[in-house]
Amino acid sequence: MRLFSAPVPPDFWVSSSFNSWLLPSGAAPEMEGLAIHAEGNEKTPFYHEPVLLDEVVEHLAPVEGNFFIDGTLGGGGHTEALLRGNATVKGIDRDAQARAYASERLREFGDRFEAVAGRFGEMARLASENDWPKADGILLDIGVSSWQIDAAERGFSFRSDGPLDMRMGESELTAADIVNQWGEDELAKIFREFGEEKSAWRITQWIIEARVLKPFETTLQLADGIENLLGRRGRIHPATKVFQALRMAVNDELGELARFLESAADLLKPGGRLGIITFHSLEDRMVKQHFRDASRTELDRPEWPTPRPNPDYRYQLLTRKGVAPGGVEVERNARSRSSRLRVVERI
Ligand SMILES: C[S@@+](CC[C@H](N)C(=O)[O-])C[C@H]1O[C@@H](n2cnc3c(N)ncnc32)[C@H](O)[C@@H]1O
């Protein structure tokens, strides 16, 4: 497969939760009736470059007979690397288009691969209902794909007009529901906390006034309005953080991660490894704290005469610091630069 050095849209340069799919240029293919909104050419109609791929393979170290769960299948880039190590992989994605694409791409691996509909926050239920064995490794590569972003009708992008939707899967809530119905405190909170948006309150006030005159329906209605309100300085679109916050709220992204972390250890066999790639500081902090807490053998408190065994001890930390992409990867794929990989091993 030929590698392309795809240009990075300026408005994603600081989007900390944007993933790394790189799209070659050319015609958009059709697959099972789905228009794939990626540029491509005849030979390589679509491809992406998974972030930290070598690091994932190094830490998860697939060998023949291994069983892995990829909780964020996407286009199947990481899964393909695990399959090439002769492992068996169940790839979960909440997005039907991602599952269809990956199934087509990974067809050559036969029954060593299966795309599974669902959310990684419900991985324990999926594993038990489907009688999956304990895993040698689990991977999450959290975020949204370029494919999702580039499909205007999915409503993730402030660059092209589409319905204000942002659902990765089949949730009921859309971004338009949030913008048109949530109260000012709730709106300001997500803009501030999920988006780390300094003008959260000002943007909220504008939304509350504007939606009375005309409810928000499209991405550009919101994006252009924020741009008019805040003005534009530099290359970064002023709606970047609001869009990120809405996406995280629509898809309950932090809730998904919390539910997954609660049950992940029980899904791994002893010596099995869990790798999580994040693109957002809030998510990275959650993973870091969970891994740190679950890898302490003992707990100590000032009021205790001696340290006590940690009842939540589950893991050995394999990456004290998050693994960041190297200079070559960032140079080739600027979208990778905010990614961090943390890995633990089940004791
Ligand atoms: C960053 S992409 C994954 C890219 C993939 N690692 C690859 O190499 O192609 C993230 C994918 O995870 C999916 N996703 C995000 N949150 C999810 C969740 N809670 N449960 C299941 N899938 C999720 C998205 O639909 C998207 O397809």
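Predicted model: local features only at pLDDT ≥ 70, side-chain atom pairs only at ≥ 80, totals over all residues.
Is glutamate 283 buried or exposed, and how many other C-beta atoms lie within 10 Å?

**Figure 1. Glutamate 283 in helix α12.** Here we look into helix α12, residues 281-293, where glutamate 283 lies. Glutamate 283 is buried, with 23 other C-beta atoms within 10 Å; the cut-off for burial is 20 or more. If neighbours within four places in sequence are left aside, glutamate 283 is in contact with Ile142, Leu254, Leu257 and Thr278. Phenylalanine 194 is 89 residues away along the chain, and its C-alpha atom is separated from that of glutamate 283 by 9.8 Å.

**Figure 2. The protein chain as a whole.** Before the next close-ups, here is the setting. The secondary structure of the chain comes to 13 helices and eleven strands. The chain has 347 residues, and 47% of them are buried. Among contacts with a separation of 6 or more, 65% are between residues 24 or more positions apart.

Figure 3. Follow helix α10 from residue 240 to residue 250: eleven of its eleven residues are buried, so the helix is largely enclosed by the rest of the structure.

**Figure 4. Helix α7 against helix α8.** The axes of α7 (residues 184-193) and α8 (residues 200-213) come within 9 Å and cross at roughly 140 degrees. That angle makes α7 oblique to α8, and the crossing is right-handed. On the α7 side, the contact is made by Glu184, Leu187, Ala188, Phe191 and Arg192. On the α8 side, look for Ala200, Trp201, Ile203, Thr204, Ile207 and Ile208. The residues of this contact divide into eight nonpolar, one polar and two charged.

**Figure 5. Helix α1 against helix α2.** Now to another pair of helices. Helix α1 (residues 53-60) packs against helix α2 (residues 77-84) at an angle of about 45 degrees, with the axes 10 Å apart. That makes α1 oblique to α2, and α1 passes α2 in a right-handed crossing. Leu53, Val56, Val57 and Leu60 of α1 make the contact with Gly77, His78, Ala81 and Leu82 of α2. By residue type, the contact divides into six nonpolar, two polar and no charged.

Figure 6. Leucine 52 is not a glycine, yet it has a positive phi of about 50 degrees. The place of leucine 52 is in the loop between β2 (34-35) and α1, and leucine 52 is buried, with 24 other C-beta atoms within 10 Å. Aspartate 131, not a glycine either, has a positive phi of about 55 degrees. Aspartate 131 lies in the loop between α4 (123-129) and β6 (135-141). With 6 C-beta neighbours inside 10 Å, aspartate 131 counts as exposed.

Methods: Residues numbered from 1 in each chain as written. Axes fitted to C-alpha atoms, helices over the stretch in contact; angles between N-to-C directions. Helix = DSSP H or I, 4+ residues; strand = E, 2+ residues; numbered from the N terminus. Parallel < 35°, antiparallel > 145°, perpendicular 65-115°, else oblique. Left-handed = near helix turned anticlockwise from the far one by under 90°. Contact = placed C-beta atoms within 7 Å. Nonpolar A, V, L, I, M, F, W, Y, C, P; charged D, E, K, R; others polar. Buried ≥ 20, exposed ≤ 12 C-beta atoms within 10 Å, placed from the backbone.
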